[in-house]
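Please read the following note with the sequence and the three-dimensional view at hand. The points are numbered so that each may be checked in turn.

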Amino acid sequence: AKRKGKNQYCFFSELTGNNEYKLLMELEKDLKNVVQNRELELYYQPIVCSKDEEIVGVEVLLRWNHPAKGIIFPNKFIPIAEESGLMPVIGYWVLEEAIKQGFEWKQKGFNKLILSVNISMSQMKDHSFIEVLDNVLSNHLLSPAMLQLEIRESDIGFDLKEVREFINEIKKRNIKIALDDFGAEASSLLSLKELPIDVVKIDQNFIKNITAKPLDQILLNGIFEITKGLHLDVIVEGIENKEQLKYISSCINTKLQGFYFSPPLPAPDFEKDILGMDMFKTEQEIACMSVK
Ligand code: C2E
Ligand code: MG
Ligand code: MG
Ligand code: MG
C-alpha cells in the first residue's frame with residue numbers, strides 16, 4: 001500500500017467499504033512474512049477423466065493458514081499480494097512446493113499425474129520466472145511433461161504479444177498451458193485465436209445451471225465445438241452433482257473437476273483418500289450405473 005499510497009486506498013475502499021479496508025490492510029501487513037512463517041499450504045484437487053473417472057491430474061490450490069484468522073482463501077489474499085508486489089515470492093514458493101510434491105508422488109508410482117499450477121499475471125510479466133522454473137525443475141527432478149501451468153483469462157488482457165512470448169518459452173520446455181476460467185471474460189475467443197494454448201478450463205459459471213438452462217447448454221456445446229475444432233484438451237470445472245456429470249458425459253468425453261469428485265485437500269489427505277484409496281473405482285461404478 002505504501003508504494004501506491006492514495007490510489008491503493010481508493011482501490012480498496014471503493015470496492016469494499018471501511019471495515020473491509022482495515023481488514024485488507026491488516027492482511028497486507030501479515031502477508032509480508034507468510035513464506036518465512038510457513039503459513040502457506042497447498043491443497044490438491046483431482047482432475048478426472050469423464051469416461052472412467054480415472055485421476056489424470058491434480059490442480060494445486062493455495063491456502064493461507066493465518067495464525068489468528070484461520071484459513072484464508074486465495075481470492076481474498078492473492079489480489080493483495082499482487083498489488084503489494086509479494087506475488088512473485090509467493091508464486092515461487094507455490095511452484096517449488098508443488099514440484100517437490102509432484103516428484104514425491106511420482107516416486108511413489110503415480111507417474112501419470114499432471115500437476116496443474118496456477119500462475120498469476122505478475123509471474124507472467126516477471127522476466128526471471130522462466131529461469132526460476134528451470135532451476136526448480138532441475139533441482140527437484142520433475143519431468144516438465146508432468147507440469148501444466150494455468151493462466152487466467154482475466155490476466156491475459158494486458159499484452160497478448162508478451163503473453164504469447166511467455167507461453168512459447170513455457171512450451172519449449174514441454175510444459176502445457178491451460179487457459180483458466182474460459183468464457184468468463186470478454187477476451188476468450190481472442191485468446192484462442194492469438195495464443196498457443198493446449199488446454200481450456202471451462203468456467204464453472206457455465207456448469208452451475210447446466211441441467212436446467214437451455215441457454216447454458218447451447219453455450220457449453222458451442223464451446224465444445226470450438227475446442228474440438230481446435231484440437232484443444234478440455235477440463236470442465238465445478239462439477240458438483242451427478243446430474244451435471246451425467247449431462248456433460250452425454251455431450252463429450254472430457255476431463256472433469258469439482259466437489260462431486262473431491263474438494264481440494266491437503267497433501268496427506270489427497271494421498272490417502274484420493275491416490276491411495278479405490279474411491280474412484282467406486283465413483284466409477286456409481287457413474288456407470290447412472291449414465292447408462
Ligand atoms: P481456479 O484456478 O479457477 O480454481 C478453481 C476454484 O474453484 C478453487 O477455488 C476450487 O476450490 C473451486 N472449486 C473446485 N471445484 C468446485 C466446485 O465443484 N464448485 C465450486 N463452487 N467451486 C469449486 P479456490 O481454491 O478458492 O481458488 C480460487 C482461485 O484462486 C483459483 O481459481 C485461482 O484463480 C486462484 N489461485 C488458487 N491458488 C493459486 C496459486 O497458487 N497461484 C495463483 N496465482 N492463483 C491461485
Ligand atoms: Mg486454476
Ligand atoms: Mg478455474
Ligand atoms: Mg476460477
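1. The largest pocket has a volume of about 1,100 Å³. A pocket here is an open set of points on a 1 Å grid over the protein atoms alone, where a 1.4 Å probe fits, with protein on both sides within 12 Å along at least five of seven lines. The points are joined across faces, edges and corners, and the volume is the space filled by probe spheres set on them.

2. This is a predicted model, in which local features need pLDDT of at least 70 and side-chain atom pairs count only at pLDDT 80 or more, while totals for chains, interfaces and linings use all residues. Residues are numbered from 1 along each chain as its sequence is written, chains are lettered from A and ligands numbered from 1 in the order in which they are written, and side-chain values use heavy atoms, with hydrogens and water left out.

3. The largest pocket is lined by 40 residues (lining residues have an atom within 4 Å of a point). L61, P74, N75, N118 and R152 lie nearest its centre. By class, 16 of the lining residues are nonpolar, eleven polar and 13 charged; Ala, Val, Leu, Ile, Met, Phe, Trp, Tyr, Cys and Pro count as nonpolar, Asp, Glu, Lys and Arg as charged, and the others, Gly among them, as polar.

4. Which residues coordinate the magnesium ion (ligand 2)? They are E59 (OE), N118 (OD1), E150 (OE) and D180 (OD), at 1.9 to 2.2 Å. Donors are N, O and S atoms within 2.8 Å of the metal (3.2 Å for Na, K and Ca); water is not among the atoms, so sites may look incomplete. E59 lies in strand 2 (residues 55–66) and E150 in strand 5 (residues 147–152), so the pair ties together parts 91 residues apart in sequence. Strands (E, at least two residues) and helices (H or I, at least four) are DSSP runs, numbered from the N terminus.

5. E59 counts as buried, at 3% relative accessibility, and E150 is buried at 0%. Buried means under 20% relative accessible area, exposed over 50%, and partly exposed in between (1.4 Å probe, protein chains only).

6. D180 bridges the magnesium ion (ligand 2) and the magnesium ion (ligand 3), which lie 3.7 Å apart. D180 is in strand 6 and E237 in the loop between strand 8 (233–236) and helix 11 (242–251), 57 residues apart. Both D180 and E237 are buried.
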